[in-house]
Structure formats: structure tokens, C-alpha cells
Amino acid sequence: MADVMMMNEIDATASRLGIDQSQIDLDSIRLPPGENFGIISDDEDVYEDDQLEFDTGFGNIIVVDNLPVVPKEKFEKLEGVIRKIYSQIGVIKDDGLWMPVDPQTHKTLGYCFIEYNTPQEAELAKEKTNGYKLDKAHIFAVNMFDDFDRFMKVPDEWAPPEFKPYTPGENLQQWLTDEKARDQFVIRAGSDTEVLWNDARHLKPEPVYKRTYWTESFVQWSPLGTYLATVHRQGAAVWGGANTFNRLMRYAHPQVKLIDFSPGEKYLVTYSSHEPSNPRDANRVVINIFDVRTGKVMRDFRGSADEFAVGGTGGVASWPVFRWGGGQDKYFAKLGKNMISVYETDTFSLIDKKSLKVENVMDFSWSPTDPILSLYVPELGGGNQPARVSLVQIPGKEELRQKNLFSVSDCKMYWQSSGDYLAVKVDRYTKTKKSTYTGFELFRIKERDIPIEVLELDNKNDKIIAFAWEPKGHRFAVIHGDSPRPDVSFYSMRTAHNTGRVSKLATLKGKQANALFWSPSGRFIVLAGLKGFNGQLEFYNVDELETMATAEHFMATDIEWDPTGRYVATAVTSVHEMENGFNVWSFNGKLLYRTLKDHFFQFLWRPRPPSFLTPEKEEEIAKNLKKYSKKYEAEDQDVSMLLSEQEREKRKMLKDEWEKWVNEWKLLHEEEKLERQELRDGEASDEEEEYEAKDIEVEEVLDVTEEVLPFDD
């Protein structure tokens, strides 16, 4: 690969030529045709892929079968329906839709031909609409016109298919088999993106893969850690591999700004917003849903920014626009004006071909484990119709539970990660309407009839600063009160004597905290003071209700637990100009190592997929942990001895350097002995005790001034 001039060389050249780089519009620079100055772009094949091939053959024609057979008077209506469906996918040529008619009955024959501008559009139309359910009696069967020619040339005699030996692909989860049971993380600093092992035993990260200009905006792990996604002007890409990071697939979407994976990593959602040519028009939004493995567009959505805003026209845009349901890849939903549109991935169409109508719906969220929607509707009619929170089962759209709420100012829903509980934080107006107070409605989702419990704080006027469920547990934490020293309270949804009542476990008074970070395995939590609290950290054991350690990472902006709950990373990103970088701590608050990075942008732990172990097996391991831990204790001891040996070697090296330096000065001292003797008027001795110390006083007149003073009688 040709050498590329580094940025410091560019800066130096610009300075020598007197060029102000801030005044240069890089996007306006165009290279001469066919010239790349020896710099090969990784994205050139994306441009090649995007060049549409206008075909003069039949590759751009599809045949749609299983259409309704209609008489002449309904012909125009059916043609309009077909044109509406297929014009959303691509540009149909003039006179490109032909529906044959039986000359005797004057009815359609149940199929049609559609001619697109390009073969790519035709292929996409076939992929997206083959199996499309127009109604119960008519399910589209779509084929390429060229396929009929291939079907007509099927040989009369059967021939066995050509046998191809199986060649296994790369194990994309090879990193999970690390013998040291380490986790990986990715960082972005400056123009570099780097994946590293968290080698806590050796108190430093170990490099895995590094690439300059790997992404143009940000990187993102897929939910199970299989892929690392990068974002570029031409689209997105995913990377992975057994021992390195190879590009596995590209997804063409010009000017993509945001991406989101489905929970099971089957699909990738990409988003772009384009400025309109007419200033009075709204921004045009394009959302594509790709199959991650094949790169095919499964469904696209286009429209104005208002159509994808929360609450419809005039609402606020929210990402992700589509929210995936039930920890699966089967359903996804979008909030619209007075409705929630729920789609199924079998056909990528609306369930029952219609949205869920809910007047004035403001928010919704999915259960993390089940196809259950929770939705919030504010008060209507000036308070005559109360606000409500409802639970709706998908796909049947059956309402499982509803709770009416009165005098509501605001409402926010928090699902527990196992889907066992739903907490609804409700801000209510006081009787005077001049202030608000907060309470919680706690839904027990897995219990019969879904009972609801009301929780109010001891001081119900306390402001709620943060709320967080314990992952996979029954406890939650709340930061409440006034800054700069609010209180932190812990609650449990069950107690030893009564599993159906919420109970308070403890309240910690006057903590410098405004954010909560539970360990993924529960039990431990970090009480963090970010932003105005300057990175105060308290590592707390909720089982024992005791503080394990307090620390500080000055100006910390981000905190993230590793997926196993063993380590915590705190980071200072480039929103601050000083002290950019990250620290890695043990679960109990011991600082393991610190890494400084200029222009630090991102730190992301690589997620782990769920364990294949059964709950019984996990419980058995926990009971016999000492047996399993012997191996790791021995390894830890070996590493400790190695580190001690390295420390001894380091100290020995420093001592040797010191002694070498002392000997050099002694030698120099001896060489200059004669010169010192001359300076002491022939005195030969350098020994200090052979000298006689005398105190000598020296008086010196610095100045004499004579002044005549008048003498008065």
C-alpha cells in the first residue's frame, strides 16, 4: 500500500505554504477523473456496487402470480393497488405494468408483469413481496421473468446435483474461548479505533486489532458481541472473525447517521435524514432494515421527519425509531400519532395489516423477554379522562392489564431485565397544581392477574434523580432528594416473610451521586457523581449493605461494567479537553490500571451472549465455587509471582543504573582532584573533617551621607 502523508506532515506543509486549513472545504475537493494519487479507498467497491446496471434484456421484469381475478370494471382499482405496492420498491417504467385479460370473459388472468428500470429493483421486489398476503385468498408468488426460460430448459433425465465438500467458516465467537477468561473492549481515540483484551492480571490491556480511519463517526457492538459495526458515508459495515477483524458484510445506505441491531443480531436498522432542496419542505428520512448475514434489504421506510417523530407532526425525533420486542427478532414497533405500528419479521408487514389504534398515546416499551407492550396515555379532556398505563399482548393485541392514573404530570416506564417487574414512575400534581410529587406503580408481570403495588417515598416531595433495577434480580435503587447531596434508597420486591410486598432495605444519606450502575450479575452497584459531581465513585455491596470503596475519576463522563460483572471502566471523553482516557477498576473499587488517550471518543465492552448453562447448573457452580476457583487461584499466584519477579528485575535495573551513575561521578571526582587542589592553594585533602572552621566577621562601609540640619532657637 502506498505511504500516506501523516497529519503532522500535512500541518507542517500547510504552515510552510501559509494555508489556513480551517478555511478549506474538503468536501468541495475533487480528484481528476481516474486519479487516486496512489491512495486506494476501502469503499471503492461500495461505489461500484451502487452503480445501477440498466439492462436491455428481461432481468428487470418480474411476474406476480396469485392476483385476484376481476372483471373489467374493477380492473383499474386492482391495477392501482398493485402499482402502489410495487412503486414503493423501485421505479416502474412507463407502461411497465401489464395485466393480461381473458378475451372471452374479459376478466384478468390472475397474474401481471412489472418492468423496473434496473434488475436490482426487480430482484428487490421479488425478495420483498414473494409471499405477500394481499388477503386470505391471495398470497403473491413472485418470480423473475428470466427464471421461466431457465425452467423451460430443465433436462428430461434427472442428474444428481454436484457434490461440494463442506468447508466450515470462521468461528465468529472464538474470543469467548480465551483461556484466561478475559473480555474485550473497543476504544476510539483520534483517528484510531482499537480492540483490546482486558488483561487485569497483568494490570494492562493487551492489543488485539488496530485500524486507522476504521469508521467515519462511531462504532457499535452487536447485542451478542458477534459483530463490530462501523459507519461510513456510503453505508455501514460489520466486522468479525476468529482471530482478527475481517469485513463480513456491507450495507449500502448513503449518508447513514444511526444504526441499531435487533436483539438476536439477525437484522440491522440504518437511518439517514436528508436536507430537502426546497427549504419549506421537511427533511426526508430513509430507514432500511437489512438481513445482517446476507446484506439484503428486508424492508425500507421513507417519509418526512414528522412521520418518524414521537407523537407525529411536531413531535420530537427519538432513536431507535423502531423498538424490538420481547428479546427476540420476531416483532418490532414504531410510535405514531394516535397509534403504535407493530410489524412481524416473517413478512415485514403490519400485524393483521393494521396498526394498534390508541388515542393520544405518548410512549411505549417492550418487555425484555416476552411479546408484551407497555404503553402510556396521558390525561384527555382537561382531566375528565384519566391517564393510563396498559399492558398489551402481541400478536393478539389483547389488553392484559390497565391502571388509571390521576393528576399526572409525567410518566416513565422501567422494565426489569428478566421481564418479571415493571416500574412506572408517576409525577403527579398537588391539589394546588403549583408543584408535583412522585410515586411508583409496581407491576408484578409473572404473577396471576398482574397485581400492582403503589410505592411512595418517605418524603414524597423528594425529586427522583435516578432509578435502576438490579439485573435479573428483585431489587431496585432510587436516588432522591436535592443536590448536591441526595439520598440513595434500596428496595426489594420480596422479603423473607412476604413475597407480595415491596420493602425498603436501606437509605444512604447525603451521597454525592446522580447516576446508578448495577453490576450485570447483580449484588454490586456503583453510585456515581458525574458531570457537576466531578466523577465521585462509591462501590457498594447491596447484599451486605456496606460500602466496599470510595474513589474518584475526575471529570468522568462514562461508566460501564464489563459483561461478567468483574470489572468497571470509567472514562473521560473528548467533551473535556483534559485528562482524556479510561480507568479499569475491580468490582470492589480497586484501581487496576489507567490509560490516557488524547481526543478520546468511545469505550465499549464487547457483549457476551447468554450462558448455555441451566439455572440449576449455575447454582451448582456457585455452591462449589472453591473447587472451580482452585485452577484460577493457581494461575493468579503464577501471575503474581511473575509480576513480583518483573518488579524485582525492574528494581534491580534501577539500582544498577544508580550505581553506574555514582561510579561515573566518583571517577570524574578523582580525575578532577588536581584541579581542586590548585583551587585550594595546594591543600591536598578532600576530607571534610580535616578542615578547621573559623568564623570571620567582615565589616564594609557601603555609603556615607553628610547632611546639615538647621538649628532653631
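Reply: We begin with the loop residue, then move to other loops, a helix and the chain as a whole.

First, how to read the model. It is predicted, so local features need pLDDT of at least 70 and side-chain atom pairs count only at pLDDT 80 or more, while totals for chains, interfaces and linings use all residues. Residues are numbered from 1 along each chain as its sequence is written, and side-chain values use heavy atoms, with hydrogens and water left out.

Now find D562. D562 sits in the loop between β41 (558-561) and β42 (567-572). Strands (E, at least two residues) and helices (H or I, at least four) are DSSP runs, numbered from the N terminus. D562 is buried. That word means under 20% relative accessible area; exposed means over 50%, and partly exposed lies in between (1.4 Å probe, protein chains only).

For charge, Lys and Arg count as positive, Asp and Glu as negative, and His and the chain ends are not counted.

What does the side chain of D562 reach? It reaches the backbone nitrogen of G565, at 2.9 Å. D562 also touches D183, P520, Y567 and W605, with residues up to four places away in sequence not counted. Contact here means heavy atoms within 4.5 Å.

Next, look at S222. This residue lies in the loop between β10 (219-221) and β11 (228-232). S222 is buried, because its relative accessible area is 0%. The side chains of S222 and E265 are joined by a polar contact of 2.6 Å. (A polar contact is a pair of N or O atoms within 3.5 Å; within protein, one must be able to donate a hydrogen and the other to accept it, and residues adjacent in sequence count only if both atoms are side-chain atoms.) Beyond its neighbours within four places, S222 contacts Y227, F261, E265 and P607. S222 and P263 are 41 residues apart in sequence, yet 8.2 Å apart in space from C-alpha to C-alpha.

Now some backbone details. The peptide bond from I394 to P395 is cis, with omega near 15 degrees. P395 is in the loop between β27 (387-393) and β28 (398-405). K397 is also found between β27 and β28. Phi of K397 is positive, near 60 degrees, in a residue other than glycine. Another cis bond joins S483 and P484, with omega about 10 degrees.

W658, W661, W665 and L668 make a nonpolar patch of about 470 Å². (Patch residues have over 30% relative accessible area and no salt bridge; like charges are joined within 9 Å, nonpolar side chains (Val, Leu, Ile, Met, Phe, Trp, Tyr) within 5 Å.) W661 lies in helix α7 (residues 625-671). Its 43% relative accessibility is why W661 counts as partly exposed.

Finally, step back. The chain has eight helices and 45 strands. Of its 713 residues, 39% count as buried. Its accessible surface is about 43800 Å², and 51% of that belongs to carbon and sulfur atoms. Such areas come from the Shrake-Rupley method with a 1.4 Å probe; for residues, only the protein chains shown count as cover.

Conventions. A salt bridge is a side-chain nitrogen of Lys or Arg within 4 Å of a carboxyl oxygen of Asp or Glu.
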